[in-house]
Structure formats: structure tokens, C-alpha cells
Amino acid sequence: MPEALEGVPWSWTLIRATGITAWCALTAVVAWGLAAAALRLRGAPPARAVWLHRWLTTLALGLLFAHMALLLVDSFQPFSVVEILVPLAAPWRPFAVALGTVAFWLIVPAWLLGRLRGRRRYRWFKRAHGLAYAAWPLATAHYVLAGTDAVTPWSLGILIGGTAAVVGGLLARARCGPRLHHAEGRQGGGK
Ligand code: HEM
């Protein structure tokens, strides 16, 4: 076992590992979603781009479930189900943890409506999807404020790399923003 991990409960190590991989997956969801919207306008077929966006979201949620479930069995600082799901109820750094909880609750409706939606539910999906954008800054603040390793050099590298990817996606999206809404209107949702 590496020296740095000696004496650290396995669950706490896994909570951190799943947290960081979940943040990376969420970052990929946002960066790719923005880039895919721009690519679509340049004539790329949407199906594969959307498939990857959805698949990454499912991956991020899976890692997030693991991140949260591990808190139930952690020997260092166990959480109850309520403390995990209700913002500010956490027994440890409640504000920092609440940022993650709110981010989680912003992702779930968009994911669910994305699975369920037919044409009629599209309007609800668009609203939930709009709200889900706020999950990334909240999750990033949660990472920085709750993370034991957040400001270590390797973690800062991850944070800076991920933020650069999202900013790159935003710039690509901003370049063709108005035309995108027009195109989506024409396609009745464009999926
Ligand atoms: C989108 C949602 C979330 C993401 C992306 C996320 C990601 C992360 C990351 C990256 C860390 C820092 C790991 C480290 O550097 O040590 C972390 C820590 C933590 N997260 Fe989350 N998290 C999310 C939601 C939640 C939720 C809903 C809870 C449960 C209440 C939670 C509880 C915690 C706790 C207790 C820590 C501290 C672990 C440590 O000491 O590092 N997170 N999270």
C-alpha cells in the first residue's frame, strides 16, 4: 500500500476517488455538450454526439451514486440517507457538502426527463436541462471547498484542465449561439 494511504479508511479513499472521477465525467458532459451543439450547426450528424453526451451523463451519475453511497458506510464520518440527500443536513462541512447535494439534484431531473421524454415532455426536458448547467459550477465549488486533495498540484491540474475544457466549449457554443436556437426551433428539438 502507498505510504500516503496508510491509516486512511478505504471508504474515505474511495469517496475521494469517485468524487474526482465524477467531477471529471460531469466536466466531460458539459464540455462535450457545448462542443456537440456547435458541431451540429456545422453539419455533423447529431446522433453520435448526443449518444456520447447521454452516455457520459449516465457515467457521471453512476460515479456520483457510488460517491454518495460510500458515505453511508464510511467509518471515519458516516452519513445517513437524509444527510446525503438534504442540502445543509450533513454532519461535516455542511455548506461545502450542500453545494454537491444541490448539484446532484440539478442533474437528476434532466437525466430522468431525457430518458422519458417524448415530444410532449420536450419543454420540461429543456427547462430541466437549462437548470442542469448550474450543476457544474456548484460541483466545482464543492470539489474545491470539500476536497481533502483539492489544492494539491495534481488536483489543481485536473481542475484547471477541466475548467479549460468547459471554457473552450462555451466559446465554441457562443460563436454559434443565436443560430443554434433557430436550428433547434426548425428541427422541433433537434434530437
Ligand atoms: C455533482 C455532484 C458531486 C460531485 C461532482 C462531487 C465531487 C467531489 C469531489 C471532486 C470531491 C473532492 C475529493 C478530494 O479531493 O478529496 C468531493 C468530496 C466530497 N463529497 Fe462530493 N461530489 C458531488 C456531490 C456530493 C454529494 C451529493 C455528497 C453527499 C452529501 C458529497 C459528499 C462529499 C464529501 C463528504 C466529500 C469530502 C471527501 C474528502 O474528504 O475529500 N458530494 N466530492
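**View 1. Buried residues of helix α2 in the predicted model.** In this predicted model, the buried positions of α2 are His53, Leu56, Thr57, Ala60, Leu63, Leu64, His67, Met68, Leu70 and Leu71. The helix is built from 28 residues, and its first and last C-alpha atoms lie 41 Å apart. That span is close to the 40 Å expected at 1.5 Å a residue.

**View 2. The largest nonpolar core.** This core holds 37 residues. Leu26, Val29, Val30, Ala60, Ala135 and Ala139 have the most contacts inside it. At least two core residues come from each of α1, α2, α4, α5 (122-132) and α6. The top contributor is α1, which gives 14 residues to the core. Ala60 is also among the buried residues of α2.

**View 3. Contacts of valine 30.** Once residues up to four places away in sequence are left out, valine 30 touches Trp136, Val166 and Gly169. Val30 is one of the residues with the most contacts inside the largest nonpolar core.

**View 4. The shell around the ligand.** There are 29 residues around the ligand, and those that come nearest are Arg16, Gly19, Gly100, Gly147 and Asp149. Two or more residues of the shell are given by each of α1 (10-41), α2 (46-73), α4 (94-116) and α6 (135-146). With seven residues, α1 supplies the largest share. By residue class, the shell comprises 19 nonpolar, eight polar and two charged residues.

**View 5. Valine 144 in helix α6.** Helix α6 contains valine 144. Leucine 156 is twelve residues from valine 144 along the chain, and their C-alpha atoms are separated by 9.3 Å.

**View 6. Model confidence in helices α6 and α8.** Mean pLDDT for the protein is 87, with 85% of residues at 70 or more. Confidence is highest in α6, with a mean of 98, and lowest in helix α8 (residues 177-187), with a mean of 48. Over residues 181-191 the pLDDT stays under 50, and the model has seven contacts beyond four places in sequence for them.

Methods: Residues are numbered from 1 along each chain as its sequence is written. This is a predicted model: local features need pLDDT of at least 70, side-chain atom pairs count only at pLDDT 80 or more; totals for chains, interfaces and linings use all residues. A residue is near a molecule or strand if its C-beta atom, placed from the backbone, lies within 6 Å of it. Helices (H or I, at least four residues) and strands (E, at least two) are DSSP runs, numbered from the N terminus. Ala, Val, Leu, Ile, Met, Phe, Trp, Tyr, Cys and Pro count as nonpolar, Asp, Glu, Lys and Arg as charged, and the others, Gly among them, as polar. The expected span of a helix is 1.5 Å times one less than its number of residues. A residue is buried if 20 or more other C-beta atoms lie within 10 Å of its own, exposed if 12 or fewer, and partly exposed in between; C-beta atoms are placed from the backbone. A nonpolar core is a set of buried Ala, Val, Leu, Ile, Met, Phe, Trp, Tyr and Cys residues joined through C-beta atoms within 7 Å. Two residues are in contact if their C-beta atoms, placed from the backbone, lie within 7 Å. pLDDT is the predictor's confidence in each residue, from 0 to 100.
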